[in-house]
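Reader: I have a model open and would like to learn how to read it feature by feature. Could you walk me through it?

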Amino acid sequence: MRYNIFNHIHKALRALLYETGSLLQQTDFTDADESEVALKKVHEIADLFDKHALHEDTYVLPAIAKYDAALVHSFEQEHEEDIAMAQRLKGLLNAFNNAVSSAERIDAGNAIHTAYVEFMAFNLSHMAREERILNIALWKHYTDVEIMDINNTIVANIPFAELQATSVYMIRSLNNEEIITWLKHVRSTAPEPAFQTLYMIASDELPPIRWQKVKGALEKQMATV
Ligand SMILES: [Fe+2]
């Protein structure tokens with residue numbers, strides 16, 4: 001099994017897409033409080049996907065460009081399309097804020113919902129394509145250690161607040177084995193505070209039964225050090 005550089009972040013992004021998709025379906029757009037919560041999420045997701053595309057354009061695609069420029073170009077184009085869709089969503093959010101009557105709010109909310117579903121469908125398929133096609137290109141030309149180095153560079157260049165918020169969604173979205181492997185890796189390669197931050201997020205976010213398993217595996221590692 002090879003290292004999948006997209007795994008953690010794509011699981012986190014998919015979880016956000018799914019959750020917000022469900023929330024939008026349940027939102028009564030004539031209710032100001034409900035609308036604010038749901039639409040704030042939509043705005044956050046649009047921003048997150050913009051940043052994510054930028055990280056990939058800056059750190060992942062250049063690693064493949066020298067071997068397959070056409071492939072990289074096709075993914076850059078998808079990122080442009082993605083950014084345009086996010087921009088459109090933000091425009092619809094503005095239109096909602098300018099809506100006056102209940103009927104206008106319902107229409108504006110429904111337009112956001114439809115655009116969001118298209119944005120979600122596009123990104124789900126885009127991320128699956130990246131994992132299917134870009135991973136093959138990375139695995140062909142780089143070792144796992146080299147690909148992990150690319151990931152380390154991305155992590156080192158993300159502001160702490162963004163990293164922490166993303167880590168919460170990663171922990172919520174990964175399975176136990178993935179969390180244990182991740183935390184063990186961070187403990188043995190990163191400064192102690194980075195491990196402590198993740199450890200606390202896992203203890204807060206995981207259901208008790210899962211947290212006991214993860215904690216037990218980490219204690220076992222400590223006992224063997
Ligand atoms: Fe992407």
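Reader: Let's begin with the pockets: how much space lies in the largest pocket?

Author: Happy to start there. This is a predicted model, so local features need pLDDT of at least 70 and side-chain atom pairs count only at pLDDT 80 or more, while totals for chains, interfaces and linings use all residues. Residues are numbered from 1 along each chain as its sequence is written, and side-chain values use heavy atoms, with hydrogens and water left out. A pocket is found on a 1 Å grid over the protein atoms alone, as an open set of points where a 1.4 Å probe fits, with protein on both sides within 12 Å along at least five of seven lines. Points are joined across faces, edges and corners, and the volume is the space filled by probe spheres set on them. Here the largest pocket holds about 1400 Å³.

Reader: Which residues are the closest to its centre?

Author: Lining residues have an atom within 4 Å of a point. There are 42 of them in the largest pocket, and Tyr3, His8, Asn151, Val155 and Trp182 are the closest to its centre.

Reader: Which elements give two or more residues to that lining?

Author: Helices are DSSP runs of H or I with at least four residues, strands are runs of E with at least two, and both are numbered from the N terminus. For the largest pocket, the contributors are helix 1 (7-26), helix 2 (32-65), helix 5 (144-156), helix 6 (160-173), helix 7 (176-189) and helix 8 (192-205).

Reader: Where does the largest pocket lie relative to the domains?

Author: Domain bounds come from an automatic or database domain assignment. The largest pocket lies between domain 1 (7-159) and domain 2 (175-225), because both give residues to its lining.

Reader: What does the second largest pocket look like, in volume and in lining?

Author: Its volume is about 220 Å³. Among its lining residues are Leu13, Lys41, Glu44, Asp47, Glu162 and Tyr169. Helix 1, helix 2 and helix 6 each supply at least two lining residues.

Reader: Is Tyr169 buried or exposed?

Author: Buried means under 20% relative accessible area, exposed over 50%, and partly exposed in between, with a 1.4 Å probe and protein chains only. Tyr169, in helix 6, has 13% relative accessibility and therefore counts as buried. Its C-alpha atom is 9.1 Å from that of Glu205, 36 residues away along the chain. For a partly exposed case, take Asp57 at 26%, which is found in helix 2.

Reader: Which residues coordinate the iron ion?

Author: Donors are N, O and S atoms within 2.8 Å of the metal (3.2 Å for Na, K and Ca), and sites may look incomplete as water is not among the atoms. The iron ion is coordinated by Glu56 (OE), His79 (NE2), His126 (NE2) and Glu130 (OE), at 1.9 to 2.3 Å. In sequence, these donor residues follow the spacing E-x22-H-x46-H-x3-E. The pair of His79 in helix 3 (residues 69-98) and His126 in helix 4 (residues 102-141) links distant parts of the chain, 47 residues apart. Both His79 and His126 are buried.

Reader: Why is the arrangement around the iron ion called irregular?

Author: Four donors count as tetrahedral if all angles lie between 85 and 135 degrees; four count as square planar and six as octahedral if opposite donors are over 155 degrees apart and all others between 65 and 115; anything else is irregular. The four donor atoms here subtend angles of 82 to 165 degrees, which makes the arrangement irregular.

Reader: How many helices and strands does the chain have?

Author: Its secondary structure comes to nine helices and zero strands.
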